[in-house]
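These are my notes from going through one protein model.

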Amino acid sequence: MWEEARGKLPQVLRHQIMSSEMLPAFSETCNVERQQNLSEDGEENQKPGLSEKFQPISKRQMKKLMKQKQWEEQRELRKQKRKEKRKRKQLERQCQPESNSDGSDRKRIRRDVVHSPLRLIIDCSFDSLMVLKDIKKLHKQIQRCYAENRRALHPVQFYLTSHGGQLKKNMDENDKGWVNWKDIHIKPEHYSEFIQKEDLIYLTSDSPNVLKELDESKAYVIGGLVDHNHHKGLTYKQASDHGIDHAQLPLGNFVKMNSRKVLAVNHVFEIILEYLETRDWQEAFFTILPQRKGAVPTDQACESCSHDKKFASVEGGLNSDSSEEENRHELDSTHEEEKQDKENSTESTVNSVPH
């Protein structure tokens, strides 16, 4: 009966009814096939592929394996070498002279140290005039001064004054061990607050006074300023305004330089330490000054200058002789031309006279 009724329905309705009847069966078939495919894929993933089994080793991995193998093979050899090295050092210590048997060279040198009463101050009151990059440079220069003073044969009484601001902050962040530094007086106060004005001498290259000797009863001040010549004459002006004696190191008496006579803080500090040991300014300068300064002894510089002048005068004399010769040739040629002109004029005059 249903078949007869369906046959009488229009073709479009008949098609829709057939599709709705076939849809559940079709979807069930698709689900079954999908599950089968998934299970097959899972089994394939679980099985190792041929590419994974036979994957080649790279050259880098091969070298690494070879080095590891070689390291393992040479383990006993390294152990034996360490034993031999220990024995050799032990024999060397036994063979050393008795004078060195009580300690190392450094300890022996430290026992010969004689502390100088000279006070050397780095004035850090210019903190606000420097950018952070220059503050970091000053910090490194102070570190160098501290290290050199600790190993010097005649260490000075080292003071760091007006310590604060950017410098202290940078030291707290990058060099926390500064609080444990020894043989140094780090003070937030200005040096004038605890040292008498009569004892102070400010070292500045702009001073007209030149040091000949170091008075070890005095306190010498080095301006802690890294400014790349932005504040020329500032330390000299400050010393003059405060009525403090000032002087410059006798650099010009012993050294001829290509650049200005302005030195870094640590260079001034180290030159003074070297002078206290050698008592020779020239040796102190040439031991400490960096090669980029182009420093030469003044006597050599004078010799080279006199040689250049002599060479210039000889060259000038040669040039003058040649110029005189040229002038002589010019005069002779001019005289010949004048003589020829006179003859020509005489001849023309004679020819013009009527007969």
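**Entry 1: Q143.** I looked up Q143 and found it in helix α7. The model is predicted, and I read every value below with that in mind. Setting aside neighbours within four places in sequence, I found Q143 in contact with D175 and W181. I also checked the distance from Q143 to N266: the two are 123 residues apart along the chain, and their C-alpha atoms are separated by 8.7 Å. N266 is one of the buried residues of α11, which I took up next.

**Entry 2: helix α11.** α11 has 14 residues. From its first C-alpha to its last I noted 20 Å, close to the 20 Å expected at 1.5 Å a residue. How many residues of α11 are buried? Twelve of the 14 are, so α11 is largely enclosed by the rest of the structure. I listed the buried ones: V265, N266, H267, V268, F269, E270, I271, I272, L273, E274, Y275 and L276. These buried residues pack against β1, α7, β2, β4, β5 and α12. Just after α11, I noted that R279 takes a positive phi of about 60 degrees.

**Entry 3: the core.** Which residues touch the most other members of the largest nonpolar core? L214 and I271 do, in a core of 57 residues. I then asked which elements give two or more residues to this core; they are β1 (119-123), α7 (132-151), β2 (157-161), α8 (165-174), β4 (200-203), β5 (219-223), α11 (265-278) and α12 (281-288). α11 gives the most, with eight residues.

**Entry 4: helix α9.** I went to α9 (residues 234-241) and found T235, Q238 and A239 as its buried residues. Why do I put them on the same side of α9? They cover an arc of only 95 degrees around the axis, which puts them on the same side. As a reminder to myself, an α-helix has 3.6 residues a turn, so residues three or four places apart point the same way. The buried residues of α9 pack against β1, β4, β5 and β6 (245-247). α9 is followed by G243, and I noted its positive phi, near 70 degrees.

**Entry 5: strands β1 and β2.** β1 and β2 run parallel and are joined by five bridges. I found I121 opposite Y159 in β2. Of the five residues of β2, four are buried, and I recorded the strand as mostly covered.

Entry 6: I looked at two loop residues here. S162 has a positive phi of about 55 degrees and is not a glycine. S162 lies in the loop between β2 and α8. With a relative accessible area of 16%, S162 is buried. D183, also not a glycine, has a positive phi near 55 degrees. I placed D183 in the loop between α8 and β3 (184-186). Its relative accessibility is 45%, and D183 counts as partly exposed.

**Entry 7: the whole chain.** I counted 13 helices and eight strands in the protein. Of its 355 residues, 27% count as buried. Taking contacts between residues at least 6 apart in sequence, I found that 77% join residues at least 24 apart.

**Entry 8: confidence.** The protein averages a pLDDT of 75, and 61% of the residues score at least 70. Over residues 99-109 the pLDDT is below 50, and I found five contacts for this stretch beyond near neighbours in sequence. Over residues 310-331 the pLDDT is also below 50, and I found zero such contacts there. Where pLDDT is low, the predicted coordinates should not be read in detail.

Terms used:
Residues numbered from 1 in each chain as written. Predicted model: local features only at pLDDT ≥ 70, side-chain atom pairs only at ≥ 80, totals over all residues. Heavy atoms only, no water. pLDDT = per-residue confidence, 0-100. Contact = heavy atoms within 4.5 Å. Core = buried A, V, L, I, M, F, W, Y, C linked by side-chain atoms within 4.5 Å. Buried < 20%, exposed > 50% of the residue type's maximum accessible area, 1.4 Å probe, protein only. Expected span 1.5 Å × (residues − 1). Arc of directions from axis to C-beta. Pairing = 2+ DSSP bridges.
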